[in-house]
Amino acid sequence: MNNTENNNIAPRKVNLHICGGNRTLVDFERVQSVETPMPSFRNKPNKKTGELAVSHQPIAHDALVTRAKSFLDSNGFTIQDEVHSLARGDQHYFGLFAVDHPNRVATDRGCVIGLRNSHDKTFPAGLCAGDAPFVCDNLIFTNTIKLARRHTRNILNDLDFTINRTLGKLFSFWHGQDNRIEAYKNFDLTNSKVNDLVIRACRAGAIPKSKIIDVVDQWESSDHPQFWDRNMNSLYNAFTEVYKGNLVALPNRSEALHSILDSEVSFNIDDHVENTLDMEVVENELVEV
């Protein structure tokens, strides 16, 4: 794996340790050491074979990571950085990977791949794509690329398909997100409108009630001069600044936030990305989630 920084695209990379919140991070060797539970079976045997069918097939956290990194490497991507998180007695895994590619156009934002896996049936194995400004490392995910696979009997057979299908959409994701940010930058806001949007975002699940004042404070006095312009992109950054550290809640909150802000600026990601991917793999088939 080539982990050197790709200077053809951007002189900087996303600081994933800020995105992820240092308190939850572990090294990959720790992830590899996690024991994978044995599969569980249905109570009644198959009438034809007499065998018990697998009802839940856990996969090793590191298996998901290794297969995703293998795809990125074989398709010319560079992994600039990676961080890993374990929770719930090592039953939950979440990983972040800052990635780059020689064909990526110049930008002020870095691309981040998110991986997650659980051993306790809490959520399926999944991948999603997100990005963060280099200036502040405020990570946010998008529903443009989001694919999941339940832990049923054929998950190991479907895992490579799940990964390849998802990561193969990265260039479409970059194009769509670039257009979204441009639309946000071109949409001016007043303070009264911001107050309305923050409340609507809270009701949609983009932030908890306890974080409303934090978002408003970031809007009124951002830590970064790049977001002092009074437009939707600055408000977007105010939300993502508050998001730092809570990786588990981030995908759903990101989706809720995009639904509110995109609607306000009349931006439709489907107009900029061919075949958005928000699906689940169930026994070799894609289904809507």
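Which residue's side chain meets that of D196 in a salt bridge? Select D196 and R200 to find out. Their side chains form a salt bridge, at 3.3 Å from N to O. Keep in mind that this is a predicted model.

**Stop 1: the pair in α6**

D196 is partly exposed, with a relative accessible area of 32%. R200 is partly exposed too, at 26%.

**Stop 2: across to α9**

The side chains of E264 and R200 meet in a second salt bridge, 3.1 Å from N to O. E264 belongs to helix α9, residues 250-265, while R200 belongs to α6, so this pair ties together parts that lie 64 residues apart in sequence. Check the surface at E264. Its relative accessibility is 19%. The cut-off for buried is under 20%, so E264 counts as buried.

**Stop 3: K211 and D214**

Move to K211 and D214. Their side chains form a salt bridge at 3.9 Å, N to O. K211 is partly exposed, with a relative accessible area of 33%. D214 counts as partly exposed as well, at 32% relative accessibility.

Next, select K193, D196, R200 and E264 together. Salt bridges with shared partners join these residues into one network. Across the model, the count of salt bridges comes to 8.

**Stop 4**

Select helix α7, residues 212-220. Which of its residues are buried? Color I212, V215, V216, Q218 and W219; these are the buried ones. Turn the view until you look down the helix axis. The buried residues fall within an arc of 160 degrees, so they line one face of α7.

Now look at the face turned away from that buried side. Select I213 and E220. Both are exposed residues carried on this face.

**Stop 4: what α7 packs against**

Return to the buried residues of α7. Which helices do they pack against? Show α6, residues 191-203, and α8, residues 232-243. The buried residues of α7 pack against both of these helices.

Conventions
Residues numbered from 1 in each chain as written. Predicted model: local features only at pLDDT ≥ 70, side-chain atom pairs only at ≥ 80, totals over all residues. Heavy atoms only, no water. Buried < 20%, exposed > 50% of the residue type's maximum accessible area, 1.4 Å probe, protein only. Helix = DSSP H or I, 4+ residues; strand = E, 2+ residues; numbered from the N terminus. Arc of directions from axis to C-beta. Contact = heavy atoms within 4.5 Å. Salt bridge = Lys/Arg side-chain N within 4 Å of Asp/Glu carboxyl O.
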